[in-house]
Amino acid sequence: MNLISMKQGISSLLSGSVWQLILLSLVILLSMPLAQAQQVPASVYSRYITLTTAFAKMSAQDDKQKKAKAESNKILTDDITEFYQQQQDHSVERQLLASNLHLQVLLNKEGYTESYQVVSRLLNLPLELEQQLTFQQLAAQLAASANKTPDTNKKSWALVTQHLNAWFKLVDKLDDKQRQTYKITLDQQASNAALLAQAYYLQDKLTAALAPSKRAYKLAPKKESYLQLLLALLQRLEHRKQLNKHLQIAVVDFPESKDYWERLAYSYLSLEQNKAALSTLAITRNQGLLTAQGYRVLASLYLQQQQPRLAADVYIEGADKKLLLRDLAYFKGLSNAWLMARERSKALDVLAQAERAGIKLAKHDQQQAQLLYLEARWAESESAYIALLDRVVENKDQKTLLKTDKWRFLLAVSQIEQGKKSQAKANLLLLQTKQYQGYRKGWLAQL
């Protein structure tokens, strides 16, 4: 998985969960004023009910009605804002009441930054435990949703970690009965732990992100987004053994994901367990989940394990499935596999395919000439060595002379095998190095 794009993926990984939690927190918040009705003046509560009823009707309007009643709607929202401001110097109960309505207006128009400011102000009040839990969670969710620009991004995520750490500090002090009383569910804890890990991750505080990420996954192991976050962290932190352990679990829990199978194979490679990597990629191939990169790595591993025929099968299957391009790397790998398997005729076919595709492998012509010679295809071998010699640049260094003498000698042998004795003799007489001149004497004597 590309590590640069991974960060962008993580930022949206839990966005749906965040929005669900905002709605949940708002539902809890909406129920609070009913219990506080007796603690505020009747006139204030009556005003609150009037504005709430009017706002509910406004929220039910369709787009056409909202356009027609834009002016009266603005007057209503301005009245709600004024009501909120009027209650700021009064009791906690009156502030909570007004804040509840004001938050509905702000969230209705996705004003997350302004909503966060309202909740942040509430957290400075002497709140009951249930209210602290609700507002710490809501503040974190609003801060996460308020990320709009790179400039505010890091600061917003720092606020998320601040509020969620405060929330977990409160939750961790509660016993099971209290958590039940305050409706603190396992799913809620897992979601908040994942959001906390995400917040640390997006600040590049990877070590700090690890503990809440593990907590989220432990609480909800079947939630794939939590697993993905944990795997991303373990990979970034290069905790190879832990990554391998969790990938082994991932392929069992999510067997149809090609990502986990291949990542498990690459994890084995990072631990220098090549045979395990090969087995894992082979299983992935049998399941039809292997990617182009997987085909290349599997073929390479088969070659390392001295199983060239299997490597060749993998190359051919990958190309047939349109996953591997028939490019230079493909023809080089496939020809090497057939050469290692001593399938010279098949290697020659691959070289011919490459040539027809306009692709030249390194030392293509030399390899092709040698294979034709070894396959006793004398006429083709003769033509190949003549072509090689025609392209030789005049050079008197010993290395070049040895190379050209080798080609000329093999050309002469190819001609002898075809009964072209005079042409062969002429080529033998052109040999220049002592090594090949020594060979010449024996062959000339036979001619």
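Reply: A salt bridge is counted when a side-chain nitrogen of Lys or Arg lies within 4 Å of a carboxyl oxygen of Asp or Glu. The model shown here is predicted. By this rule, the count comes to 10 salt bridges.

Me: How far apart are the closest N and O atoms of Asp 259 and Arg 263?

Reply: The closest N and O atoms of Asp 259 and Arg 263 are 3.4 Å apart, and the pair forms a salt bridge. Both residues belong to helix H15, which spans residues 258-270, and they are separated by 4 residues, or about one turn of the helix.

Me: Is Arg 263 buried or exposed?

Reply: The cut-off for buried is under 20% relative accessible area. Arg 263 has a relative accessible area of 9% and is therefore buried.

Me: Where do Arg 309 and Glu 343 lie?

Reply: Arg 309 forms a salt bridge with Glu 343, with 2.6 Å between the closest N and O atoms. Arg 309 lies in helix H18, while Glu 343 lies in the loop between helix H19 (328-340) and helix H20 (344-356); the pair therefore ties together parts 34 residues apart in sequence. Arg 309 has a relative accessible area of 44% and is partly exposed.

Me: I now turn to packing. At what angle do helix H3 and helix H5 pack?

Reply: Packing of two helices is described by an angle, an axis distance and a handedness. Helix H3 (residues 42-59) and helix H5 (residues 70-86) pack at an angle of about 145 degrees, and their axes are 11 Å apart. The crossing of H3 and H5 is left-handed.

Me: Which residues of H3 and H5 meet?

Reply: On the H3 side, the residues include Val 44, Tyr 48, Leu 51 and Phe 55; on the H5 side, they include Leu 76, Asp 79, Ile 80 and Phe 83. The residues of this contact comprise 9 nonpolar, 2 polar and 2 charged.

Methods: Residues numbered from 1 in each chain as written. Predicted model: local features only at pLDDT ≥ 70, side-chain atom pairs only at ≥ 80, totals over all residues. Heavy atoms only, no water. Axes fitted to C-alpha atoms, helices over the stretch in contact; angles between N-to-C directions. Left-handed = near helix turned anticlockwise from the far one by under 90°. Contact = heavy atoms within 4.5 Å. Nonpolar A, V, L, I, M, F, W, Y, C, P; charged D, E, K, R; others polar. Buried < 20%, exposed > 50% of the residue type's maximum accessible area, 1.4 Å probe, protein only.
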